[in-house]
Amino acid sequence: MKRVMIRLLFVLSFVSSFVPGLSALAQAAPCMVVTLTGTQGGPSSFRGLAGSGTMVRYGDDSNDCRGVVLQFDAGRGTSMRLSQVGVTPGQVDAVFITHVHSDHVDGLADLLQLRWMQEYKLPKIDVVCSADAAAGAGFVMSCAKLVAHTADAYIQSGEIAQRRAEDKARPVGGPADLVNVRTFASTDAPQVVWSSGDVRVTAVRSAHVAGHASYRVDTPVGSVVIGGDAGNDTPAPPRASSTSAQVEALARGAQVIVHSAIHPVMGPDGGTGFPAPIYHRQSTATDLGAMAQRSGAQHLMLTHLIPPLEADRQGPYRLPKGAITAADYETAVRAGGFAGGLTVGGDLSSVRLPVRR
Ligand SMILES: [Zn+2]
């Protein structure tokens, strides 16, 4: 029996070596790729960096890990970065929004407009985000309204009507008609907010602005946490860390953490004049290093860097000691005690699981 099995395996491997389809089937192994689609920190623009965003795709070797394509935030230029890795707006299965600051959603209208113009025959796209959240100062942050009004300027300008006159099959309400908005009441306890096949997305509430959420993607080959701009629930020192306790709990057992980072040089002692409350609502690179070490992550990807690499200013705030480098971010992360893999994000930096040896 054993000899028969060995002979069968030999025949299969021999056949698959010259039949490409069979070869792919024999070797198709599941995989996940995490790609930073934009690493600009905050609303400034610097040297062409795209606005905040992370793509997570899961599949297997036979489809280049593209069975499911998820986009977390869609800052300025997201569709341009996606095009550089061969992903069209129509290939994105769902967009998850951490919060409705413009630097995280500038690219959403563009993504949806392109889909409406060119790929409208595809199923609706899910946009997943927090339900309307009231802030203490008496205003409401509303992802649902952001999506509902995403193309209002193009409706008002007449463009939507004009393009429908060219192709009446385009949905009458414009890009918002293509969206399935799925809001959730965000909670400190993780809750599943989206799933498809082997892929599950969980969300928690985290502090930054009202309605901010952080996400975790679980797949059979591993898990990634996308912290967004999360900070600690205590808005300023004294506190144990600038990082979020909810994100840390969410990250336990995840292999990869993607998180916005601010360098301590922007702190109140750094002489930049950067407003302290804005500094304190981000997570510092050092505290992220400590959090990643505590949670057992194998890899930390810093994104949304404040300040950007090689920049001598963050928007209007000048760095008195000059620009900082990726090595400066790494020094800050290692000072937090993290011993794992580190990516100091540039646009299109990526990490693959399982890691190719
Ligand atoms: Zn931001």
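1. Although C65 is not a glycine, its phi is positive, near 55 degrees. The model discussed here is a predicted one.

2. Confidence should be considered next. The protein chain has a mean pLDDT of 93, and 92% of its residues reach 70 or more. Residues 1-22 are another matter: pLDDT stays under 50 there, and the model has 6 contacts beyond four places in sequence for this stretch. Where pLDDT is low, the predicted coordinates should not be read in detail.

3. An open sheet is formed by 7 strands, and its order is 8-5-4-3-2-1-18 with mixed pairing. Strand 8 (179-184) and strand 18 (350-353) each have a single partner strand, so these two stand at the edges and one side of each lacks a neighbour in the sheet. On average, and with direction ignored, neighbouring strands of this sheet are turned by 20 degrees against each other.

4. Within that order, strand 1 (residues 30-38) and strand 2 (residues 53-60) run antiparallel and are joined by 8 bridges. G38 has G53 in strand 2 as its bridge partner.

5. A hairpin is made by strand 9 and strand 10, with 2 residues between the strands. Strand 9 (residues 191-196) pairs with strand 10 (residues 199-205) in the antiparallel sense, over 5 bridges. One of the paired positions is W194, whose bridge partner in strand 10 is V201. In this hairpin G197 takes a positive phi, near 55 degrees.

6. Which residues have the most contacts inside the largest nonpolar core? They are F96, I257 and L300, in a core of 84 residues. Leaving aside neighbours within four places in sequence, F96 is in contact with L70, F72, V128, C129, V201 and Y215. As a general matter, nonpolar side chains tend to be buried together in soluble globular proteins.

7. Helix 12 (residues 326-335) has Y329, A332 and V333 as buried residues. They lie on the same side of helix 12, because the arc they cover around the axis is only 100 degrees. The elements against which the buried residues of helix 12 pack are strand 13 (256-262), helix 11 (285-295), strand 14 and strand 17 (341-344). After helix 12 comes G337, with a positive phi near 100 degrees.

8. H304 is a residue other than glycine with a positive phi, near 50 degrees. Is H304 buried or exposed? It counts as buried, because 31 C-beta neighbours lie inside 10 Å, against a threshold of 20 or more.

9. Two cis peptide bonds should be noted when the backbone is inspected. The bond from I306 to P307 is cis, with omega near 0 degrees, and P307 is found in the loop between strand 14 (299-306) and strand 15 (313-314). The bond from P237 to P238 is also cis, with omega near 5 degrees. P238 is found in the loop between strand 12 (222-226) and helix 9 (245-251).

Terms used: Residues numbered from 1 in each chain as written. Predicted model: local features only at pLDDT ≥ 70, side-chain atom pairs only at ≥ 80, totals over all residues. Pairing = 2+ DSSP bridges. Helix = DSSP H or I, 4+ residues; strand = E, 2+ residues; numbered from the N terminus. Axes fitted to C-alpha atoms, helices over the stretch in contact; angles between N-to-C directions. Buried ≥ 20, exposed ≤ 12 C-beta atoms within 10 Å, placed from the backbone. Core = buried A, V, L, I, M, F, W, Y, C linked by C-beta atoms within 7 Å. Contact = placed C-beta atoms within 7 Å. pLDDT = per-residue confidence, 0-100. Arc of directions from axis to C-beta.
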